[in-house]
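This report describes how parts of one protein chain are arranged. Please look over the sequence and the structure before reading on.

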Amino acid sequence: RWTHDERFRAGVHLLRALSDGASIGRFLADIAELGVAATLDRTQAVFAERHGTFGGPRFAILGMGKLAGREMSPGSDLDLVMIYELDDLYALSDNDEKPLASPTYHLRLTQRMVAAITAKTAEGALYEIDMRLRPSGSTGPLAVSIEAFERYQRQEAWTWEHMALTRARVLYG
């Protein structure tokens, strides 16, 4: 609700010419960053109750596009990439009842995060999310290890993907 109120306030400022587009873009990016962090904190806490953790924050969310460049408009979606640290492919989360291997854990956590941010509520969805800028686009996994991300950037990424990465900004982690 707070995020929607702030986005509405930004729209009013734009319509009444109380703020310029660049200021509003930065403000909206800050609002989005706070909304993503708060949603992820809560999502991660609920997820950890069921599946445990890997001993602290071991992942990051990269903002891309207009979010990373702090050039958002009131209708902007969020371009996000989820990257996690992987010490051992076979390590399990620290929950005795329902532990998960790191790749599965971070994939499911990302799915939950995306579902939480895009869920339709009485106030509408928090944001629309576009995760096509992740390695291999819509055919790649929703969450990738830092090693896989580095390998993809070195060996497979197109020039435009490198260019998009120059604007990337860590939003969380």
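## Helix 2 and helix 4

Helix 2 and helix 4 are oblique to each other, because angles under 35 degrees count as roughly parallel, over 145 as roughly antiparallel, 65 to 115 as roughly perpendicular and the rest as oblique. They pack at an angle of about 130 degrees, and their axes are 9 Å apart. Here axes are lines fitted to C-alpha atoms, for helices over the stretch in contact, and angles run from 0 to 180 degrees between N-to-C directions. Helices (H or I, at least four residues) and strands (E, at least two) are DSSP runs, numbered from the N terminus.

The model is predicted: local features need pLDDT of at least 70 and side-chain atom pairs count only at pLDDT 80 or more, while totals for chains, interfaces and linings use all residues. Residues are numbered from 1 along each chain as its sequence is written, and side-chain values use heavy atoms, with hydrogens and water left out.

On the side of helix 2, the residues in contact (heavy atoms within 4.5 Å) are Val36, Thr39, Leu40, Thr43, Gln44, Phe47 and His51. They meet Tyr105, Arg108, Leu109, Arg112, Met113, Ala116 and Ile117 in helix 4.

## Helix 1 and helix 2

The axes of helix 1 (residues 2–15) and helix 2 come within 10 Å and cross at roughly 180 degrees. Helix 1 is therefore roughly antiparallel to helix 2. Helix 1 contributes Trp2, Thr3, Glu6, Arg7, Arg9, Ala10, His13 and Leu14 to this contact, and helix 2 contributes Gly21, Ile24, Phe27, Leu28, Ile31, Leu34 and Gly35.

## The nonpolar cores

A nonpolar core is a set of buried Ala, Val, Leu, Ile, Met, Phe, Trp, Tyr and Cys residues joined through side-chain atoms within 4.5 Å. Buried means under 20% relative accessible area, exposed over 50%, and partly exposed in between (1.4 Å probe, protein chains only). In soluble globular proteins, nonpolar side chains tend to be buried together.

The largest nonpolar core has 33 residues, and those with the most contacts inside it are Ile61, Leu67, Met72, Leu78, Leu80 and Tyr127. At least two residues of this core come from each of helix 2 (21–51), strand 1 (59–64), strand 2 (78–84), helix 4 (102–118) and strand 5 (169–172). Helix 2 gives the largest share, 9 residues. A second, separate core of 6 residues includes Leu62, Met64, Val81 and Val144.

Beyond four places away in sequence, Met72 touches residues including Ile24, Leu28, Leu67, Leu78 and Tyr127.

## Asn95 in its loop

Asn95 is found in the loop between strand 2 and helix 4, and counts as buried at 15% relative accessibility. Its side chain reaches the backbone oxygen of Arg50 at 3.1 Å and the backbone nitrogen of Lys98 at 2.7 Å. Beyond four places away in sequence, Asn95 touches Ala48, Glu49, Arg50, His51 and Gly52.

## Two residues with positive phi

Most residues other than glycine have a negative phi. Ala17, in the loop between helix 1 and helix 2, has a positive phi, near 55 degrees. Ala17 is exposed, with a relative accessible area of 64%.

Arg70 lies in the loop between helix 3 (65–68) and strand 2, and its phi is also positive, near 55 degrees. At 27% relative accessibility, Arg70 counts as partly exposed.

Technical notes:
Polar contact = N/O pair within 3.5 Å; in protein donor to acceptor, adjacent residues only side chain to side chain.
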